[in-house]
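Dear colleague,

Please find the structure below, together with a short account of what was found in it.

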Amino acid sequence: MAKQKTIKSEFSIVGVGLHTGEKVTLTVKPAADNHGFKFKRVDIEGQPIINADADLVVDTSRGTTLEKNGVRVYTTEHVLAALAGLEIDNALMELDGPEMPIMDGSAYPFVQLILEVGIEEQEADKDYFVVTENLTYEDLERHTEMLAVPQDEFRLTVMVDYNSPLLGTQHAHMYHVGEFVEEISKCRTFVFLREIEFLAKNGLIKGGDLDNAIIIADQILPQEKLDEIADLLGKPHIKVEAAGILNNLTLHFQNEPARHKLLDIVGDLALVGKPIKGHILAARPGHKGNVDFARLIKQEIKKQQKQGPQFDLTKDPIYDINDIEKLLPHRYPFLLIDKIIEVDETSIVGVKNITFNEPQFTGHFPGNPVMPGVLQIEAMAQVGGIFALSTVPDPENYMTYFMKIDGVKFKRKVIPGDTLVFQLELLTPIRRGIVHMQGKGYVNGQLAVEAELMAQIVKEKKEELTEAEA
């Protein structure tokens, strides 16, 4: 399993917010396993923290804004893209103003600083959202379409079309996240000259200038209008005599605008809260569509969590009942596991088919038979025992004994006709024969029982037969 990552040490960067125009210092700090991405407003009393969560997005006007309890953080997408693009999972971002610094309009300044301080692998496994079926999104008003399809890694394909003869239709792709630094992170935000007046009159781009955005002049505006726009922004007057890139900069890539839209998707999808394994295809994307799609993914995650994991009960077992009898000392009617279908270094999956013919139903609610909870725990423990005994070369010489049972919860009835699937995972490495596991039992994908189990495997001393006894 891939491990979670954070940065090795903190770093700070100073800049201005693109839309607020306010100077801000951003300090990015390492964070613990399973912390995720969080923003802290250190300039506000109590230093409130805002999670990087799609459900907290309140505005997507030319950037992604988060808000919690009336406190906002603006333009979060570029720093989140830098972190997610470097496969970092946990970081705390402290800022002394309302908006992320825009820098050059790309994610690259943040990427450079992250690479300078280094990336550190953590103990916890990455918790991926794995696309298992197609997810679709469409915004008819903005002509945005997004699609997620199954893929064993994070892949992005983007198409943009702004009805601009200068830009035309552009495509960009990222076949795997390893391409992010060199192919995507340097790509800067862009704006059409014809849009600037509207943005300025609506209180945006107060910190915009020729150094932090690609300004595309695909229409020649009258000099009077250009002067009016410059005055709105408090910038020097300029002349535009031909269509083109206003600031005469050299594009990193011919399709840099499309690549920047891809960068924005990486940052906005970080608001899902999990890295993604899937191929995202986007046509004419924007922050609203990105965030809506992130929320759609979050809904799918909740749906999957409610359904529980899916198991293929038709595949050949790793251990059938005959193999289980060789491992466990139990016999009918106390051998409660029928087969083991999965086992690896840290986990195991076992199956118990519930039938009306089992002896406990004779006396346990005979008119409304229910599998006793204690037997559900015993069956779970037997799966854990099989896992423990499978780690020693001579399991027939060992016994397993309970040491502790914690956190037992029963979520639903288990009745004849059900198939109870147990999934157990190691919580700590096995030491001195002590096995510590988290177990869950599912019926039709729904959680039925869970418990934390600790047991010890002990080698039994068997007396050797004397020559006369032999």
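**Strand pairing and helix packing**

Val443 has Gln446 of strand S25 as its bridge partner. Residues are numbered from 1 along each chain as its sequence is written. The model is predicted, with local features needing pLDDT of at least 70 and side-chain atom pairs counting only at pLDDT 80 or more, while totals for chains, interfaces and linings use all residues, and side-chain values use heavy atoms, with hydrogens and water left out.

Helices (H or I, at least four residues) and strands (E, at least two) are DSSP runs, numbered from the N terminus. Strands pair if DSSP finds at least two bridges between them. S24 (residues 434-443) and S25 (residues 446-459) run antiparallel and are joined by ten bridges. Two residues lie between these strands in their hairpin, where Asn444 takes a positive phi near 55°. S24 also pairs with S23 (residues 419-426), in the antiparallel sense, over seven bridges; there, Leu426 has Met437 of S24 as its bridge partner.

The axes (lines fitted to C-alpha atoms over the stretch in contact, with angles from 0 to 180 degrees between N-to-C directions) of helices H6 (residues 256-269) and H7 (residues 287-307) come within 9 Å and cross at roughly 40°. H6 is therefore oblique to H7 (angles under 35 degrees count as roughly parallel, over 145 as roughly antiparallel, 65 to 115 as roughly perpendicular and the rest as oblique).

Yours sincerely

Terms used
Buried means under 20% relative accessible area, exposed over 50%, partly exposed in between (1.4 Å probe, protein chains only).
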